[in-house]
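Please look at the sequence and the model before reading on.

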Amino acid sequence: MSPSTVGLALLLLGIFAIVGTLIRVRSRRTQKLFLPVSIIAGFIALILGPEVLGRLAGLVGLDALTEGGLFGADVMSVWSELPGLLISVVFATMFLGEAIPSPKRAVTLLGPQLSLGVTFGAGQYVVGILVAVLLLVPLFDISPMFGALIEIGFEGGHGTAAGMAPVMAELGFEEGGDLALAMATVGIVSGILIGVIAVNWAARTGHSQFLDSKAELPEDEQRGVYAGDDQPSGGKLTVRASSLESLTLHIGIVGLAIVIGQLLLMGMQAIERALWADFVEIFAYVPLFPLAMLGGVIIQLVIDRTGRGDLLDRGTMERIQGASLDLLIIAALATLSLDAIANNFGPFAILAVVGIAWNVFVLFVLAPRYISRFWFERGIGDFGQSMGVTATGLLLMRMADPNRKSPAYESFGYKQLVFEPFFGGGIITAAAIPLIVQFGPFPFLIGMSILLIAAILSGLLYFGRNPRFGDFETKAD
């Protein structure tokens, strides 16, 4: 693929961002729904791509548009790769430019958030395998491996689904990769739609402390723009331009964090290949982005220890993170696949509905009982992640807390450090299919049930009732 194609693909994302901005500025409906520009732009690109326009063109004989819509197959190929790359940038910047907090604050925010994340992840395995074993296997004569698709597709997303496809094919579940990708697609679409509805519900009912749909917001705020003297600064210069552009330095630091994360991941994979790869591969499917975040933490710790924290500006890191997230969302929505759902539609639809119902139940019933302060802002992030893409969680948190006044982003980041190595493409996700094949579905089901019960009990009886887990300072205080 030529560099000019890559450049064109990136330029087109920027153009769609402009189109989305114009729509947001002019459309009252999108303003009332708090729809971010990235979602608007992504759906426009999806309509003009091969999944919608390409299909319609094929019906009337315009074969030139069938593979890539208006953009061409090469541009679509670039866009399909971008989410997996940009999510590492988003997470590498999570803690860069901000002093690492005390362990006490980290534990205070981590505890209930981790219980909530494990409830989402382990519960997806439990309900999925139960439905598969009790209903889908006898009714549709399918493999018990079908029950793992909710977690692989919803919690893991498209990257994990694609990574697990060779393993599932090797183990006799040839259609598993396509179904997992379809499940991830359903998760993204339903997660965004339900998430937007939930954010608007929270704004109307007062469950969001930072959004109020009953209040008459200023016109510029509804349109999603700043005006006049209200325009805040995007960051500070930390090095003189005569030496180096400050943005260049920050991009370099982000790149270094990702490289450190890649080296950590490669080390884990090398140990695995030397010790147990012949039995089961685990770290081969652990995604890079949680390790990239750990790389950022390592860099920040070194900077804090050396007393050179003035070299990094948090505002600049947030701009890099925000731009990467916007481009990621537009590209991910533009390349959604609508094909695989047609096959195995009956069991697939049942499993998808069960998975969505579980996630909605956890968000609205369990999250308020796990988290005593800012339960919606913190819970909606985990809900979005549990529906297919970590970026969806970040997007919904941005909608629920646009000025980052709650600890939602911070607690979400702490949870990722512990959660991602296991679920959503981590050890448990990678090992689930091989374990089900080798030992049957019931041992794995029992293990996930024990983990789920532990998460629910700790969330309801300890974190939700202990006032110290709601005792922390925020920008809202």
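## Helix α11 and its cover

The model is predicted. In it, the buried residues of helix α11 are covered by elements that include α5 (73-92), α12 and α13. The residues of α11 that count as buried are Ser-246, His-250, Ile-253, Val-254, Ala-257, Ile-258, Gly-261, Leu-265, Gln-269 and Glu-272.

The length of α11 can be checked against its residue count. Its 30 residues should span 44 Å at 1.5 Å a residue, and the end C-alpha atoms are 44 Å apart, so the two values agree.

## α11 against α12

One of the elements covering α11 is α12. How do the axes of α11 and α12 cross? The axes of α11 (residues 246-275) and α12 (residues 289-306) come within 7 Å and cross at roughly 120 degrees. Angles from 65 to 115 degrees would count as roughly perpendicular; α11 and α12 are therefore oblique to each other. The crossing of α11 past α12 is right-handed.

On the α11 side, the contact is made by Ile-253, Leu-256, Ala-257, Ile-258, Ile-260, Gly-261, Leu-264, Leu-265 and Met-268. These meet Leu-291, Ala-292, Leu-294, Gly-295, Gly-296, Ile-298 and Ile-299 of α12. The residues of this contact comprise 13 nonpolar, three polar and no charged. Several of the α11 residues in the contact, including Ile-253, are also listed as buried, Ile-253 among them.

## α1 against α13

Helix α13 (residues 314-334) also packs with helix α1 (residues 3-26), at an angle of about 95 degrees and with the axes 10 Å apart. The two helices are therefore roughly perpendicular to each other. From α1, the contact uses Leu-13, Phe-16 and Ala-17, and from α13 it uses Leu-327, Ile-330 and Ala-331. By class, the contact of α1 with α13 has six nonpolar residues, no polar and no charged.

## Helix α19

Helix α19 (residues 441-463) has 23 residues. From its first C-alpha to its last it reaches 31 Å, close to the expected 33 Å. Its buried residues are Pro-441, Phe-444, Leu-445, Met-448, Leu-452, Ala-455, Gly-459 and Phe-463.

## Individual residues

Asp-141 sits in the loop between α6 (103-140) and α7 (149-155), while Phe-374 sits in the loop between α14 (345-370) and α15 (375-385). Is each of them buried or exposed? Asp-141 counts as exposed because its relative accessibility is 70%, with the cut-off for exposed being over 50%. Phe-374 has 4% relative accessibility and therefore counts as buried.

Ser-190 belongs to helix α9 (residues 176-205). Its relative accessibility is 11%, so Ser-190 counts as buried. Beyond its neighbours within four places in sequence, Ser-190 contacts Gly-195, Ile-356 and Met-387.

## The chain as a whole

The protein chain has 19 helices and zero strands. Of its 477 residues, 51% count as buried. Which residues do contacts in the chain join? Among contacts between residues at least 6 apart in sequence, 79% join residues at least 24 apart.

Definitions and conventions. Residues numbered from 1 in each chain as written. Predicted model: local features only at pLDDT ≥ 70, side-chain atom pairs only at ≥ 80, totals over all residues. Heavy atoms only, no water. Axes fitted to C-alpha atoms, helices over the stretch in contact; angles between N-to-C directions. Helix = DSSP H or I, 4+ residues; strand = E, 2+ residues; numbered from the N terminus. Parallel < 35°, antiparallel > 145°, perpendicular 65-115°, else oblique. Contact = heavy atoms within 4.5 Å. Nonpolar A, V, L, I, M, F, W, Y, C, P; charged D, E, K, R; others polar. Expected span 1.5 Å × (residues − 1). Buried < 20%, exposed > 50% of the residue type's maximum accessible area, 1.4 Å probe, protein only. Left-handed = near helix turned anticlockwise from the far one by under 90°.
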